[in-house]
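Biologist: I have the chain open in my viewer and would like to walk through it with you. Could you take my questions as they come?

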Amino acid sequence: MKTKIIDLTIEKNAYEKIIEAADVLKRGGLVAFPTETVYGIGADAFNEDAVKRVYEAKGRPSDNPMIVHIARASDAGLLADRFSKEFVKLADAFWPGPLTMVLPKKAEVPDCVTGGLDTVGIRLPDSRIAQLLIRFAGTPVAAPSANLSGRPSPTKAEHVIEDLDGKVDVILIGPECRVGIESTVIDMTTSPPCILRPGVVTAEEIEAVLETPIEHGGDSETPRSPGTKYKHYAPEAQMLVVEGAREKVKNEIVRIKTLNENLGLKVGVLLFEERDYLAAAHDFYAALRELDEDGADLILAGALSETDGVGFAVMNRMLKAAGYNIARI
Ligand code: TXA
Ligand code: MG
């Protein structure tokens, strides 16, 4: 398949180009597009053939449900018909933005979108390009992250081109993704609601809005968010997360690095600033792609000491990437 790459950061007629991409979606095509979290591969959520082709393009198991993206909150009515007070409060507080809410789905939402579940994950992204694309398409857009299955989520255009050139009809290029990790997913079908995937919209912020504690279902053994059960991105390199007091972690990383370099191995280090968890989220996936490209044999990652808030969301991705390979010191 020939992929049309449209760079909206240099394009003069951006509207025209977004409308062109929206037409591709309407006709059942696949369009990769930027959101504020990571890039997505979009398809018309009501077109089953198109949705099935998204799984093929990613090389992803088809029982893994997709998030459906809308461009205004009222379009949630196309996908679900029961809206709790809690849903309204969270939509008011966090939409548009990096929060996906799981609701009981309407019969009209194809099973292939939801991986056969009777619920649907809905998100209103705050990216301007994403919003315009969805509006012009005139339909909700089912979109998983735009990486090949098993690779880190793409946060820059070059990552999407690397993974999807030749596999989708259009790649829309926008600015680098602001957030860098995927949206928070919260199951609104339970009482209290339950976080299925942590993100930059934190449990603490959600609890403050709902004025009640919520559940953190995260990565339990029998995950309710099926996407969390698949082997997650693991770099080509062995990856080890070093956990402990910051200074000790730094020293330990230097020690293990020297040891392995003396054995002739190439060692990459992932060490983010403490207390700037948004920056860590922003850089995380891009850093993994770079280390892989550099041909690292071993990646040593310093655990963030914060285990709540955005630090928690970054650690969730870091531990998964390392296959829960942890050294506690
Ligand atoms: O930030 C994001 O959410 C990005 C951008 C493109 O919006 N999308 C994304 O999609 O990360 P994906 O497919 O890579 O991850 C979707 C996650 C999976 O963990 C999936 O299991 C969960 O959302 N999910 C989707 N629908 C669900 C449902 N009905 N019930 C439970 N979990 C659901
Ligand atoms: Mg993904």
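Modeller: Gladly, and since this is a predicted model, let me begin with a residue in a loop: tyrosine 324 sits between α10 (309–321) and β15 (326–328).

Biologist: What is phi at tyrosine 324?

Modeller: Phi of tyrosine 324 is near 60°, which is a positive value in a residue other than glycine. Most residues other than glycine have a negative phi.

Biologist: And is tyrosine 324 buried, partly exposed or exposed?

Modeller: Its relative accessible area is 47%, so tyrosine 324 counts as partly exposed, given that exposed residues have to be over 50%.

Biologist: Which loop holds glutamate 211, and what is its phi?

Modeller: Glutamate 211 is in the loop between α7 (203–210) and β11 (215–216), and its phi, near 55°, is again positive in a residue that is not glycine. With a relative accessibility of 71%, glutamate 211 is exposed.

Biologist: Switching to peptide bonds, which ones are cis?

Modeller: One cis peptide bond joins tryptophan 95 and proline 96, with omega at about -10°, and proline 96 belongs to the loop between α3 (85–94) and β5 (99–104). Another runs from serine 191 to proline 192, where omega is near 0°, and proline 192 lies in the loop between β9 (184–187) and β10 (194–197).

Biologist: What does leucine 99 touch?

Modeller: Leaving out residues up to four places away in sequence, leucine 99 touches Leu90, Phe94, Ile122, Arg123, Ser183, Thr184, Ile186, Val201 and Ile206.

Biologist: Now the helix α1, please: how many residues does it have, and which of them are buried?

Modeller: Helix α1 (residues 14–26) has 13 residues, and the 18 Å from its first C-alpha to its last is close to the 18 Å expected at 1.5 Å a residue. Its buried residues are Lys17, Ile18, Ala21, Ala22, Val24 and Leu25. Because these residues cover an arc of only 150° around the axis, they are on the same side of α1.

Biologist: What covers the buried residues of α1, and what follows the helix?

Modeller: The cover includes the strands β1 (4–7), β2 (31–33), β3 (40–44), β7 (141–142) and β8 (170–173), together with the helix α5 (128–137). After α1 comes glycine 28, whose phi is positive, near 95°.

Biologist: Last topic, the domains: where are they, and how far apart are their C-alpha centres?

Modeller: The domain assignment gives domain 1 as 4–216 and domain 2 as 238–328, and their C-alpha centres lie 28 Å apart.

Biologist: How many residues are in contact across the two, and what area is buried?

Modeller: On the domain 1 side 24 residues are in contact with 15 residues of domain 2, and about 1,600 Å² is buried between the domains, with carbon and sulfur atoms giving 57% of that area. Pro152, Ile181 and Pro198 supply 33% of what domain 1 buries against domain 2, more than any other three residues.

Notes:
Residues are numbered from 1 along each chain as its sequence is written. Chains are lettered from A and ligands numbered from 1 in the order in which they are written. This is a predicted model: local features need pLDDT of at least 70, side-chain atom pairs count only at pLDDT 80 or more; totals for chains, interfaces and linings use all residues. Side-chain values use heavy atoms; hydrogens and water are left out. Helices (H or I, at least four residues) and strands (E, at least two) are DSSP runs, numbered from the N terminus. The expected span of a helix is 1.5 Å times one less than its number of residues. Buried means under 20% relative accessible area, exposed over 50%, partly exposed in between (1.4 Å probe, protein chains only). The arc is that of the directions from the helix axis to the C-beta atoms. Contact means heavy atoms within 4.5 Å. Domain bounds come from an automatic or database domain assignment. Buried area is the accessible area (1.4 Å probe) that two parts lose on being put together, summed over both.
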